[in-house]
Amino acid sequence: MTLTKRIIPCIDVDLDEDGNPAVYTGVHFEDLKYTGDPVEMAKAYNEAGADEFVFLDITASAEGRETMLDVVERVADEVFIPLTVGGGIRTTDDIKETLRAGADKVSITTGALERPELVNEGAKAFGSQCIVISVDARRRFDEQGENYVEIDGESCWFECTKKGGREGTGIDVLEWAKEAETRGAGELFVNSIDKDGTKDGYDIPLTTAVTEAVDTPVIASSGCGSPEDMYEVFTEADADAGLAASIFHFDEYSIDDVKSYLDERDVPVRR
């Protein structure tokens, strides 16, 4: 049976200057601009035919605070497709509370890098299908990595970052992806800091390297600017799902536009 490729809109949520939750869109994880209300956007994407939905609290880890679970609950009330929530998740109690608030899966970045055992604990307590390990990767053109790829004639490796891309770790993405899989991760959510917000296509070398290194499903993220980019990441990098934000947030393309484009080119999608 051929598995359908999933189309997943994502909202990056932060608190505005008045302390209210708001969706922001940026470039390279910076220069964030107000985009909309998280609950209203979730409702719209649910009605638009998204396969899943991702809610990321983008400053929870950096600020050392908990995920805004009250907002998650309101979003969950509007979304009847699988909901993944990330940001500030450090313990199994955090996972439990996030799932209790209405999430179907949790996305963990910093908490898992700082204490990898959290992946094992989460998978054992709640099932691997609930545990998504998110990787905020950036390219490094030095000799400190373990796995290298050629990009535009230069040799580079991919480094895991933490705290919303603010801190490097020195950890090679491919080594971490394999370890996370071994520890029980059900999915890998691969973000490219170099491509984030550029709308000039996914990081194909990064995504390809990860899909070739693991058997766990891979969600490609960062850089989508068109249905053609989705097609490329599915056919060239073998991603299992394509995540996008800007093209959907600003009505450049609809979920149906993307699915129609893929369907016409024999990429299996859910209609």
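Trainee: Here's the residue I'd like to start with: does Lys 199 count as buried, partly exposed or exposed?

Mentor: Before anything else, keep in mind that this is a predicted model. Now to your residue: Lys 199 counts as partly exposed, because its relative accessibility is 34% and that class runs between the 20% and 50% cut-offs. To find it, look in the loop that joins strand E11 (187-192) to helix H8 (204-213).

Next, look at the backbone. Most residues other than glycine have a negative phi. Lys 199 isn't a glycine, yet its phi is positive, at about 60°. Ser 222 has a positive phi too, near 85°, and again the residue is something other than glycine. Ser 222 sits in the loop between strand E12 (218-221) and H9. Its relative accessibility is 8%, so Ser 222 counts as buried.

Ser 246 belongs to helix H10 (residues 246-249). A relative accessible area of 10% makes Ser 246 buried, since the cut-off for that word is under 20%.

Leaving out neighbours within four places in sequence, Ser 226 is in contact with Ile 247 and Tyr 253.

Since we've met a tyrosine, let's turn to the rings. A pair of aromatic rings is described by the distance of the centres and the angle of the planes. The model has 3 aromatic pairs by the rule used here. Take Tyr 45 and Phe 53: their ring centres are 6.0 Å apart and their planes sit at 35°, so this pair is tilted. Tyr 45 and Phe 53 are both buried. Now try Tyr 231 and Tyr 261, where the centres are 6.4 Å apart and the planes stand at 85°, so the pair is edge-to-face. This pair ties together distant parts of the chain, with Tyr 231 in helix H9 (residues 227-235) and Tyr 261 in helix H11 (residues 255-264), 30 residues apart. Tyr 231 is partly exposed at 30% relative accessibility, whereas Tyr 261 is buried, with a relative accessible area of 18%. There's also a cluster, in which ring pairs link Tyr 45, Phe 53 and Phe 248.

From rings, let's move to a pair of helices. The axes of helix H1 (residues 38-48) and helix H3 (residues 69-78) come within 8 Å and cross at roughly 25°. Angles under 35 degrees count as roughly parallel, and H1 and H3 therefore run roughly parallel to each other. The crossing of H1 past H3 is right-handed. On the H1 side, the residues that meet H3 are Pro 38, Val 39, Ala 42, Lys 43 and Asn 46, and on the H3 side they are Val 71, Arg 74, Val 75 and Glu 78. Sorted by class, this contact has 5 nonpolar, 1 polar and 3 charged residues.

Compare that with helix H4 (residues 92-100) and helix H6 (residues 117-126), whose axes come within 9 Å and cross at roughly 45°. That angle makes H4 oblique to H6. The crossing of H4 and H6 is right-handed. Thr 92, Ile 95, Lys 96 and Leu 99 are the H4 residues here, and they meet Leu 118, Glu 121, Gly 122 and Phe 126 in H6. By class, the contact of H4 with H6 divides into 4 nonpolar, 2 polar and 2 charged residues.

One last stop is Leu 174, in helix H7 (residues 173-183). Leu 174 is buried, at a relative accessible area of 11%. Not counting residues up to four places away in sequence, Leu 174 touches Asn 147, Ala 209, Val 210 and Ala 213. For a sense of distance, Leu 174 and Gly 36 are 35 Å apart in space, C-alpha to C-alpha, and 138 residues apart in sequence.

Key. Residues are numbered from 1 along each chain as its sequence is written. This is a predicted model: local features need pLDDT of at least 70, side-chain atom pairs count only at pLDDT 80 or more; totals for chains, interfaces and linings use all residues. Side-chain values use heavy atoms; hydrogens and water are left out. Axes are lines fitted to C-alpha atoms, for helices over the stretch in contact, and angles run from 0 to 180 degrees between N-to-C directions. Helices (H or I, at least four residues) and strands (E, at least two) are DSSP runs, numbered from the N terminus. Angles under 35 degrees count as roughly parallel, over 145 as roughly antiparallel, 65 to 115 as roughly perpendicular and the rest as oblique. A crossing is left-handed if the near helix is turned anticlockwise from the far one by less than a right angle, and right-handed if clockwise. Contact means heavy atoms within 4.5 Å. Ala, Val, Leu, Ile, Met, Phe, Trp, Tyr, Cys and Pro count as nonpolar, Asp, Glu, Lys and Arg as charged, and the others, Gly among them, as polar. Buried means under 20% relative accessible area, exposed over 50%, partly exposed in between (1.4 Å probe, protein chains only). Rings of Phe, Tyr and Trp (its six-membered ring) pair if their centres lie within 6.5 Å; planes under 30 degrees apart count as stacked, over 60 as edge-to-face and the rest as tilted.
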